[in-house]
There are 2 protein chains.
Amino acid sequence: MVKKSCLFLDTIQNKIDTKLRISVPGSFRAVLEEMNTELILYASFKQPCLEGLTGDMLEVLAQGIYEQYDMFSEEENDLTSLIFAESRVFPLDSTGRLTLPPKLMEHAELSDTALFVGKGKTFQIWNPEIFAEEQQKIREKMKTRPLTFRLKKEVNE
Amino acid sequence: MVKKSCLFLDTIQNKIDTKLRISVPGSFRAVLEEMNTELILYASFKQPCLEGLTGDMLEVLAQGIYEQYDMFSEEENDLTSLIFAESRVFPLDSTGRLTLPPKLMEHAELSDTALFVGKGKTFQIWNPEIFAEEQQKIREKMKTRPLTFRLKKEVNE
DNA sequence: TCTCATCCCATGATATCCCATAAGAAGAAA
DNA sequence: TTTCTTCTTATGGGATATCATGGGATGAGA
């Protein structure tokens, strides 16, 4: 039996119905089930899209904030206001759909279709047209400023 | 069975009725029930809002204060005065509401609506208009001085 | 007896669940 | 390679349960 990857991969476009429901791609649901965790969404504070996370990820985030910042510090307050106040658990129905709140629909400028974009340990939800433009911009940027990146850890271990 | 996150998430606006009652959001109540703990409120000593905690969290807070400050220090005295002397357990009625004392209503400048703001292991209760301004300030701050934050722990392990 | 706080029930709105159907992908047989 | 079958995944609509909120009843303390 091959070990399943716990990464969100690929780009999948699904429809948003009149009740603002959308199917989470099967491969994404498989990751959530494999990790036995909940699905979290929040409005990205950098881009017009939604950020998708696992519940585990959010717990680690919470723990990290308390370890790195003072309980009553301004930084702690700002971070928790931006992350936890904006995110929510999204339960899936029996066919694997979630319901998008109007607030998030607006933020990501969604109407009748949405794009699930795998980002490894997280994913994003985009308006397909906007994503295509953004993706193009990133490609252009790479031509002039190539990113460097080095794997620190051995791969096959 | 998926593990439930024990974090206060999302921002939910509810009404305060003529008896000064307000429904605690269902998702917040779920956290309290899951942790099998009481709901504590006190007037924030930094902002015009109310701080909400679980009984468990208050215990952790107490422990932290005694570990970080000398028993008879000024800081220890100030913090305990500000937190424990002001805190109270708020019982919920059968439909999940609590009754706000006039003193807390004043402190948070509340009238007929209030916003429950998830902050992870705690939450806050705000006048919606005041919170919107505060949140905007935080967003502005992030543009000029983006907070960096690095996950130290592996997420999927 | 009066006042205040808590408790209990009724209602309406909303979100969640469940079933039915359609579409697509993978696999088997020709 | 082509066609047919089967299974999984996606989408639509109706039924149901849950939650927020308002009003009245009950009981304790002043």
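Reader: How far is a base nitrogen of DNA strand C from an N or O atom in the side chain of R97(A)?
Author: The distance is 3.4 Å in this predicted model. Residues are numbered from 1 along each chain as its sequence is written, and chains are lettered from A in the order in which they are written. Because the model is predicted, local features need pLDDT of at least 70, side-chain atom pairs count only at pLDDT 80 or more, and totals for chains, interfaces and linings use all residues.

Reader: And what about R97(B)?
Author: An N or O atom in the side chain of R97(B) is 3.3 Å from a base nitrogen of DNA strand C. For R21(A), the value is 3.3 Å.

Reader: Which residues surround DNA strand C?
Author: In chain A they are R21(A), S94(A), T95(A) and R97(A), and in chain B K19(B), R21(B), S94(B), T95(B) and R97(B). Near means that a heavy atom of the residue lies within 4 Å of the strand.

Reader: How much of that is sugar and phosphate?
Author: Sugar and phosphate make up 0% of the atoms of DNA strand C that come within 4 Å of the protein.

Reader: New topic. How many residues has the largest nonpolar core?
Author: It has 23 residues, and L41(A), L110(A) and F123(A) are among those with the most contacts inside it. A nonpolar core is a set of buried (under 20% relative accessible area, 1.4 Å probe, protein chains only) Ala, Val, Leu, Ile, Met, Phe, Trp, Tyr and Cys residues joined through side-chain atoms within 4.5 Å.

Reader: Which element gives the most to this core?
Author: Helix 1 of chain A, with four residues.

Methods: Side-chain values use heavy atoms; hydrogens and water are left out. A polar contact is a pair of N or O atoms within 3.5 Å; within protein, one must be able to donate a hydrogen and the other to accept it, and residues adjacent in sequence count only if both atoms are side-chain atoms. Buried means under 20% relative accessible area, exposed over 50%, partly exposed in between (1.4 Å probe, protein chains only). Helices (H or I, at least four residues) and strands (E, at least two) are DSSP runs, numbered from the N terminus.
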